[in-house]
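This report describes the side-chain packing of a single structure.

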Amino acid sequence: MLEKAPSNDEMVNLIGKKLFGVWTKLCELIETNYDMERLWNSGGKAWKYEYKYRRGGKTLCALYAKENCCGLMIIFGKEERAKFEANNKSYSSTVQKIYADAKTYHDGKWVMFELKDTSLFPDLERLLL
């Protein structure tokens, strides 16, 4: 866990003003629909920061930030994969491709959505439900 969360200015300097707008809109979308614990961590080797949404020891999703880039990671367990795969045609071709290309691990399919704008938000909101 990070000692202190990055400030808004630090985030703007890291990911840029446009992506910071996307980041804050995504946080609002999640926080409007879910009452979650929020944790800042280092982002490991590939990312500078991880911002995780959890409840009861389970992670709903995590946002990631690095220079000029932000992403949303959703882990699909067995049940979530079955639901998505049964309805995948109702999602955008972009979301279908990102899902199809994601690596499957023993504990689920880890899907990273790299965000450029808010165009995937309707799909992401449905995925999080």
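## An exposed lysine

Lys18 is exposed, with a relative accessible area of 60% (exposed means over 50%, buried under 20% and partly exposed in between, with a 1.4 Å probe and protein chains only). This residue has its place in helix α2. Helices (H or I, at least four residues) and strands (E, at least two) are DSSP runs, numbered from the N terminus. Apart from neighbours within four places in sequence, Lys18 is in contact with Lys116 and Asp117, where contact means heavy atoms within 4.5 Å. Lys18 and Asp117 are 99 residues apart in sequence, yet 8.0 Å apart in space, C-alpha to C-alpha.

The model is predicted: local features need pLDDT of at least 70, side-chain atom pairs count only at pLDDT 80 or more, and totals for chains, interfaces and linings use all residues. Residues are numbered from 1 along each chain as its sequence is written, and side-chain values use heavy atoms, with hydrogens and water left out.

## Helix α2

Helix α2 has 17 residues and reaches 25 Å from its first C-alpha to its last, close to the 24 Å expected at 1.5 Å a residue (the expected span is 1.5 Å times one less than the number of residues). Its buried residues are Leu19, Phe20, Val22, Trp23, Leu26, Cys27, Leu29 and Ile30. An α-helix has 3.6 residues a turn, so residues three or four places apart point the same way.

## Nonpolar cores

A nonpolar core is a set of buried Ala, Val, Leu, Ile, Met, Phe, Trp, Tyr and Cys residues joined through side-chain atoms within 4.5 Å. The largest one has 38 residues, and Trp23 and Ile30 have the most contacts inside it. Elements giving two or more residues to this core include α1 (8–15), α2, β2 (49–55) and β3 (58–66). Its largest share, eight residues, comes from α2.

Beyond its neighbours within four places in sequence, Ile30 is in contact with Tyr53, Leu60, Cys61, Leu63 and Leu128. There is also a second, separate core of five residues, among them Trp47, Ala62, Tyr64 and Cys69.

## Aromatic rings

The structure holds 11 aromatic pairs. Rings of Phe, Tyr and Trp (its six-membered ring) pair if their centres lie within 6.5 Å; planes under 30 degrees apart count as stacked, over 60 as edge-to-face and the rest as tilted. Trp23 and Trp40 form a stacked pair, 6.0 Å centre to centre with 15 degrees between the planes. This pair links distant parts of the chain, Trp23 in helix α2 (residues 17–33) and Trp40 in strand β1 (residues 37–42), 17 residues apart. Trp23 is buried at a relative accessible area of 5%, and Trp40 is buried at 15%. Together with Tyr49, Tyr51 and Tyr53, Trp23 and Trp40 form one aromatic cluster.

Two rings carry a charge over the face (NZ of Lys or CZ of Arg within 6 Å of the ring centre and within 35 degrees of the ring normal). Lys66 lies over Trp47, at 4.5 Å from the ring centre, and Arg126 lies over Tyr91, at 4.0 Å.

## Cysteines

The structure holds zero disulfides. Cys69 is buried, with a relative accessible area of 7%, and Cys70 counts as buried at 1%.

Key:
Disulfide = S-S within 2.5 Å.
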